[in-house]
Amino acid sequence: MGGFACKGKSTQMVTISVMAPELNSLPKRRLTLRQQDARIAWLLIIPSLVVILGVALWPIVSTLILSFFNSPTGLNQTKTFVGLGNYLDMLQDQTFWETIGRTLYFTVVSVALEMLLGLAIAQLIHSHPWGWKFLRFALIIPWAVPTIVNGAMWRWIYSADFGALNGLLMQLGLIKHYVPWLSLPDAAMNLVIVADVWHTMPLVALILQAALATQPQELDEAAAVDGANAFQRFWSIRLPLLRPAILVALILRSVDAFRVFDISYIITSGGPAFKTVTITYLTYLNTFSYGKQGTGAALSFLISIFTII
């Protein structure tokens with residue numbers, strides 16, 4: 001019995017000693033080149049993600065929390081939890097819905113004009129008339145002008161005392177005296193729209209002109225050989241191929257126009273009689289002028305919801 005036990009023990013030891021080198025000699029699994037690239041990419045991205053989460057996500061979360069409180073500005077002011085009270089107050093406020101209506105009017109009219117004018121100018125540049133390179137270069141200037149400068153320029157143009165608009169109309173004999181354009185409730189918003197279209201329409205034109213430049217000329221030439229006129233070629237060939245670029249420009253401008261604030265603030269300061277106050281402007285007024293930080297935070301999230309919709 002004892003000899004058998006020793007023999008079994010020695011056999012086991014021999015077996016283990018034989019298997020150990022075999023396990024150590026097994027080749028380790030190596031990462032593929034794609035996996036190595038992915039690991040390096042994550043190592044490079046993680047610091048940026050941490051910064052983005054700290055800079056972007058935390059303000060969003062803190063603003064969402066603030067929207068559930070009545071938080072007046074000033075020293076020694078206490079916050080009061082009101083739940084969805086700020087949201088319900090806004091949804092039941094007639095001023096809020098009137099502001100939404102003005103904002104939608106501004107968005108629809110300005111974006112429609114920008115799309116139509118931008119498409120026309122893009123088509124004009126694509127046809128390569130005399131001086132088309134200069135036209136394309138000059139088109140960048142209005143878009144490159146800062147919004148604050150653009151707003152101040154148009155405020156001077158509309159000025160009732162020394163405005164260029166009044167001077168031009170007086171020279172043409174269309175008016176007999178200077179008109180205070182920015183004091184007219186029915187005209188103020190349309191004047192702001194004109195200033196915004198002048199500033200942002202070049203972006204739409206450049207997007208569409210770049211899309212036109214990538215279209216194959218063979219289709220247009222083949223349609224011309226078949227007897228299609230210029231309008232037929234544009235309507236049946238170029239315009240369908242422009243749909244992705246039109247969609248991109250439409251989304252960019254619609255979102256930006258719905259959140260408009262600066263140009264209205266500079267040209268009219270929301271007047272006359274709040275006729276040019278947009279939803280973002282109303283958020284500014286509640287937060288900084290009226291001292292209702294909770295209401296302003298709730299409005300900012302309502303703007304996000306309307307923008308997503």
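## Cavity and pockets

The largest cavity has a volume of about 50 Å³. A cavity is a set of points on a 1 Å grid over the protein atoms alone where a 1.4 Å probe fits but cannot get out, whereas a pocket is an open set with protein on both sides within 12 Å along at least five of seven lines; lining residues have an atom within 4 Å of a point. Grid points are joined across faces, edges and corners, and a volume is the space filled by probe spheres set on the points. The structure holds one cavity of 30 Å³ or more.

This is a predicted model, in which local features need pLDDT of at least 70 and side-chain atom pairs count only at pLDDT 80 or more, while totals for chains, interfaces and linings use all residues. Residues are numbered from 1 along each chain as its sequence is written, and side-chain values use heavy atoms, with hydrogens and water left out.

His-126, Gln-215, Pro-216, Gln-217, Asp-220, Ile-237 and Arg-238 line the largest cavity. Two or more residues of this lining come from each of α9 (217-225) and α10 (230-241). Helices (H or I, at least four residues) and strands (E, at least two) are DSSP runs, numbered from the N terminus.

The largest pocket is lined by 14 residues, and Met-90, Asp-93, Asn-286, Lys-292 and Thr-295 are those nearest its centre. The elements giving two or more residues to this lining are α3 (85-91), α4 (94-126) and α13 (279-289). The largest share, three residues, comes from α3.

For the second largest pocket, the lining includes Thr-147, Asp-196, His-199, Arg-253 and Phe-261. At least two lining residues are supplied by each of α8 (185-213), α11 (243-258) and α12 (262-267).

The table gives volumes and lining classes. Ala, Val, Leu, Ile, Met, Phe, Trp, Tyr, Cys and Pro count as nonpolar, Asp, Glu, Lys and Arg as charged, and the others, Gly among them, as polar.

| Space | Volume | Lining residues by class |
|---|---|---|
| Largest cavity | about 50 Å³ | two nonpolar, three polar, two charged |
| Largest pocket | about 200 Å³ | six nonpolar, five polar, three charged |
| Second largest pocket | about 170 Å³ | four nonpolar, three polar, five charged |

## The chain

The protein chain has 14 helices and two strands. Of its 309 residues, 34% are buried, meaning under 20% relative accessible area with a 1.4 Å probe, protein chains only.

Definitions and conventions
Buried means under 20% relative accessible area, exposed over 50%, partly exposed in between (1.4 Å probe, protein chains only).
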